[in-house]
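Please read them with the structure open beside you.

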Amino acid sequence: MTSNIVASESWRYCNDDVDSDLEEVDESQFPTFFQERRGRLFHTQPTIPYPLPFDTEEQLRQKELHEIIGCLTSSRCAEWLDSHSNEQRRVLDVGTGTGIWVLQMAAQFPQAMFTGLDIAPISTRYPPANVTFQLYDIMLGLPYASSSIDIVHARMITLGVRNYQTFVDEAARVLKPGGLLSTCEWTRSLGLVDRNDVLLRAPQACAFLKVLNDALRAACQFLPTMFDMQTAVGSRDDLRVVQSSFVAIPVGDWPEEQGMKALGVKYRDVLVAYAHSMRTFLEGFHAADVVDGLIDGFIADLHGQNSLVSAYYANHAERI
C-alpha cells in the first residue's frame with residue numbers, strides 16, 4: 001500500500017530571523033521531508049521525536065479529532081480575540097499540522113494575522129491573506145521577537161517536544177503582556193465512567209497503552225503529563241493561569257443520549273486509527289506479530305467494553 005500526502009506549496013522555511021528572511025519551499029523538495037516506511041509516510045528528520053505519520057490517513061484522523069474537540073469545548077482563543085478586537089492581533093499556532101485550526105480561526109477573525117508553525121509542509125496550497133505557514137522545529141525555540149505575539153496556541157504537541165518547560169519559557173518570551181497561552185492535550189489513557197478499575201474491564205486496551213507510553217518515553221526521553229504542563233506554567237512568575245478544564249470523552253456507542261453516542265463512536269474510530277498510525281513506531285521496539293496482537297487487543301476492548309472514557313484537558317494562561 002502506498003499512502004498519499006497533501007503537501008503545500010505555500011510553506012516557507014524559517015531561519016533564525018524569520019520575519020526578515022523567508023524561503024519558499026519548492027514542490028520538488030517535498031521528498032526531502034518525508035520517507036515511506038511500511039506503507040506510511042514519516043518525517044525524515046532523525047532528531048525530531050514525533051512518532052506519527054504525515055500521510056492522508058493520519059491527516060483525516062486529525063481532522064476527526066479536531067471536529068470532536070469543537071463539539072465538546074468552547075474556544076478560549078476566540079473569546080480573547082472577541083474581547084481584544086480594537087487592533088490587529090497576531091496569533092501563533094504551534095504544531096499546526098494541516099492548519100485546520102488556523103484556517104477556521106482566520107475565517108472567523110479576518111482582522112487578525114495567523115501563523116501556523118510545523119516541521120512538515122502538509123497544509124493547504126492556498127491560505128487566505130491573513131494566514132502564513134512556516135516550517136520550523138520548535139525544539140530550537142520559537143523564531144520570533146520577544147513580546148511580539150498576542151496568542152500562542154499549542155494543541156497536542158507533547159509528542160513533538162522533549163522539554164515542555166522550554167516550550168513554555170519560549171511561549172512566555174514571545175507573548176506580549178496581556179497575551180494568552182493556550183495549551184490543550186489528550187490523555188494517552190482510558191478510564192471508566194463508573195470509576196471502576198479499567199485494568200480489570202479492558203486489560204488489552206490498557207496493555208497496548210502501557211507498551212505505547214513506555215516506547216514513547218524511551219524515544220522522546222520525556223513525555224509530558226497534565227501535571228507537567230501545569231507545573232511548567234506555574235513555575236513562571238510572568239504567567240497567570242486564567243482557566244483550566246478537563247472533559248471526559250465517551251469511547252464507543254454506550255451513551256444513551258444520541259449526540260454523545262455518535263460522538264463516542266466517532267472517537268472510538270479515531271482511537272482505532274491512532275493505534276494503526278502507531279504501528280510502525282512500535283515495531284521499532286517490538287516484533288511485528290507482538291505489535292499486531294497488541295493493536296488487535298486494543299481494538300477488541302474498545303468495541304467490547306462499555307463505559308470507557310478518555311479525557312481532553314486545556315490550560316489557559318495570561319502573560320503578565
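1. In this predicted model, helices H1 and H8 (residues 258-277) have axes that come within 10 Å and cross at roughly 150 degrees, and since angles over 145 degrees count as roughly antiparallel, the two helices are therefore roughly antiparallel to each other. The crossing in which H1 passes H8 is left-handed.

2. On the H1 side this contact involves Glu58, Arg61, Glu64, Leu65, Glu67, Ile68, Cys71 and Leu72, which meet Met260, Leu263, Lys266, Tyr267, Val270, Ala273, Tyr274 and Ser277 of H8. Sorted by class, the residues in the contact of H1 with H8 are 10 nonpolar, 1 polar and 5 charged.

3. Among the charged residues there, Lys266 forms a salt bridge with Glu64, with the closest N and O atoms 3.8 Å apart. This pair links distant parts of the chain, as Lys266 sits in helix H8 and Glu64 in helix H1, 202 residues apart. Lys266 is partly exposed at a relative accessible area of 24%, and Glu64 is also partly exposed, at 28%. Both residues belong to a network of salt bridges that links Lys63, Glu64, Glu67 and Lys266.

4. The count of salt bridges comes to 18, and two further pairs deserve a look. Glu283 forms a salt bridge with Arg38, where the closest N and O atoms are 2.6 Å apart; Glu283 lies in the loop between helices H9 (279-282) and H10 (288-304) and Arg38 in the loop between strands S3 (34-37) and S4 (40-43), so the pair ties together parts that are 245 residues apart in sequence. Glu283 is buried, with a relative accessible area of 17%, whereas Arg38 is exposed at 65%.

5. The other pair is Lys176 and Asp150, whose side chains meet in a salt bridge at 3.4 Å, N to O. Here Lys176 in strand S9 (residues 175-186) is linked to Asp150 in strand S8, 26 residues apart. Lys176 is partly exposed, with a relative accessible area of 23%, but Asp150 counts as buried at 1%.

6. Which residues of helix H3 (residues 100-108) are buried? They are Ile100, Trp101, Val102, Met105 and Ala106, and their cover includes helices H1 (56-72) and H2 (76-83) together with strands S5 (90-94), S6 (113-118), S7 (131-135) and S8 (149-155).

7. Ala78, which is placed in helix H2, is buried with a relative accessible area of 9%. Leaving aside neighbours within four places in sequence, Ala78 is in contact with Met105, Gln108 and Phe109. From Ala78 to Met105 the separation is 27 residues in sequence and 7.5 Å in space, C-alpha to C-alpha.

Key. Residues numbered from 1 in each chain as written. Predicted model: local features only at pLDDT ≥ 70, side-chain atom pairs only at ≥ 80, totals over all residues. Heavy atoms only, no water. Buried < 20%, exposed > 50% of the residue type's maximum accessible area, 1.4 Å probe, protein only. Helix = DSSP H or I, 4+ residues; strand = E, 2+ residues; numbered from the N terminus. Contact = heavy atoms within 4.5 Å. Axes fitted to C-alpha atoms, helices over the stretch in contact; angles between N-to-C directions. Parallel < 35°, antiparallel > 145°, perpendicular 65-115°, else oblique. Left-handed = near helix turned anticlockwise from the far one by under 90°. Nonpolar A, V, L, I, M, F, W, Y, C, P; charged D, E, K, R; others polar. Salt bridge = Lys/Arg side-chain N within 4 Å of Asp/Glu carboxyl O.
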